[in-house]
Amino acid sequence: MKSKRFKRIFVVVMDSVGIGEAPDAAKFNDTGANTLGHIAERMNGLNMPNMGALGLSNIREIPGIEKADTPSAYYGLMEEASNGKDTMTGHWEIMGLRIEQPFRTFPDGFPKELIDELEAKTGRKIVGNKPASGTEILDELGERHMNTGDLIVYTSADSVLQIAAHEDIVPLEELYRICKIARELTLDEKYMVGRIIARPFLGKAGNWERTSNRHDYALKPFGRTVMNELEDGGFDSIAIGKISDIYDGEGITKSLRTTSNMDGMDKLVQTTKMDFTGVSFLNLVDFDAKFGHRRDPIGYGEALEEYDQRLPELLQELKEEDLLIITADHGNDPVHPGTDHTREYVPLLCYNKRFSKGERLDDRKTFADVGATIADNFGVKMPEHGKSFLNDLK
């Protein structure tokens, strides 16, 4: 096995933080999308000096974020090659897969055949069965659920089937069992649902509160990822946040759950204090779930600034043999029509304490270049897709 250039690689996916429409945005009805740019405009400039110092505005100028004269990270753009713009597609591609058949979405709700079968196998009636936000569906059907025990099923612009239930009405163990049943039922190609999500909540009418006991049941990746190769090669593959759910546990040697972006940053810093060789992989979901889909540019901007404030703590803990890669999995422009993800370029920032000066990387034609770089570094089998940029990091 060849020697490792970096002992540890920390990958941070800022969920949905796109940086401008991709070349094929029109195909996805996303012409003009620009998550970071439009948020910065609504905020009258983003205050993110730490991301700026890494080189974020050197990729594309963002109002409020100064271009760095001497960026401390290598920087560039990545374009998605897979046919889709959802979380699983983006993450799977980051680790070397390319998805040609997009996951199905259900803008008119799920087929009656599926709902009937789910009711029969769970013994509970189902209400909802339509696209909705998690807060609005509880306002509409939460009280009915409390009175009847009926399951609240809903979807979104993503390929997800979400099942909401009050923890005092449907115990967590039962809700998780129900979601596993739904997962089995939707493995059929005619459904092609990316994720089943348990959405437990507490409270009462007018004051519902979704709890941190959410659990995702994803499809298994359609092929081996770089994380599988790392695990088989004896390296560590630490998943933080919903990473383990996204890959259905494939190639994961340790999983740390999170409750928020800030908890995710806490867990990431925690892993910097661990003695491991391999990858620590974090998803910061709040950007997407709490602000992008809810079309809240101000909340999104404030969350970005809060995240930026945590970066010095992380950078301080990194060692000379560590590489930090910051990127995203798709866009979710909060001023774009609808509530769907947006087909955008994503930023790429690569930092190591020994870099004297960051430079611009060639535009990447696939997110899989990240996975290829990780595989190259650790000397494991290269993914079928992606081109390593390890030798460009000098």
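## Starting at Ser16

Ser16 is buried, with a relative accessible area of 0%. Here, buried stands for a relative accessible area under 20%, exposed for over 50%, and partly exposed for anything in between (1.4 Å probe, protein chains only). This is a predicted model, in which local features need pLDDT of at least 70 and side-chain atom pairs count only at pLDDT 80 or more, while totals for chains, interfaces and linings use all residues. Residues are numbered from 1 along each chain as its sequence is written, and side-chain values use heavy atoms, with hydrogens and water left out.

You can find Ser16 in the loop between S1 and H1. Labels like these come from DSSP runs numbered from the N terminus: helices (H or I) have at least four residues and strands (E) at least two. The phi angle of Ser16 is near 80°, a positive value in a residue other than glycine.

## Other positive phi angles

Asp248 also has a positive phi without being a glycine, with a value near 50°. Its place is the loop between helix H9 (243-246) and strand S10 (254-256). Asp248 is partly exposed, at a relative accessible area of 30%.

Asn44, which follows H1, has a positive phi as well, near 55°.

## The annotated binding site

Let us turn to a record. An unreviewed UniProt entry carries the annotation "binding site" for Asp15, Asp329 and His330. These residues are spread over 316 residues of sequence, yet they cluster in space, with a largest C-alpha distance of 7.2 Å.

Asp329 belongs to the loop between S12 and S13 and is buried, with a relative accessible area of 0%. Leaving out residues up to four places away in sequence, Asp329 touches a set of residues that includes Asp15, Ser16, Glu80, His91 and Phe367; a contact means heavy atoms within 4.5 Å. The side chains of Asp329 and His91 are also joined by a polar contact of 3.4 Å. A polar contact is a pair of N or O atoms within 3.5 Å; within protein, one must be able to donate a hydrogen and the other to accept it, and residues adjacent in sequence count only if both atoms are side-chain atoms.

His330 sits in the loop between S12 and S13, and at 1% relative accessibility it counts as buried. Among the residues in contact with His330, neighbours within four places in sequence aside, are Asp15, Ser16, Lys85, Asp288 and His341. The side chain of His330 makes a polar contact of 3.4 Å with the side chain of Thr87.

## Helix H1

Helix H1 is mostly covered, with 6 of its 8 residues buried. The buried residues are Thr35, Leu36, Gly37, His38, Ile39 and Ala40. Helix H3 (56-59) and helix H12 (297-317) are included in what covers them.

## Salt bridges

Side chains of opposite charge can pair when their charged atoms come close. A salt bridge here is a side-chain nitrogen of Lys or Arg within 4 Å of a carboxyl oxygen of Asp or Glu. The structure holds 27 salt bridges. One of them joins the side chains of Asp24 and Arg343, at 2.9 Å from N to O. Asp24 lies in the loop between strand S1 (8-14) and helix H1 (35-42), and Arg343 in the loop between strand S12 (322-327) and strand S13 (346-351), so this pair ties together parts that are 319 residues apart in sequence. Asp24 is partly exposed, with a relative accessible area of 24%, whereas Arg343 counts as buried at 3%.

A salt bridge also links the side chains of Asp216 and Arg195, at 3.0 Å from N to O. Because Asp216 lies in strand S8 (residues 215-218) and Arg195 in strand S6 (residues 195-204), the pair ties together parts that are 21 residues apart in sequence. Both Asp216 and Arg195 are buried. Lys290 pairs with Asp286 in a salt bridge whose closest N and O atoms are 3.9 Å apart. These two residues are 4 residues apart in helix H11 (residues 286-292), so about one helical turn separates them. Lys290 is partly exposed, with a relative accessible area of 38%, while Asp286 is buried at 9%. Elsewhere, salt bridges that share partners join Asp24, Glu80 and Arg343 into one network.

Note on methods. UniProt positions are given in the numbering used here, feature names are shortened, and annotations may be inferred rather than shown by experiment.
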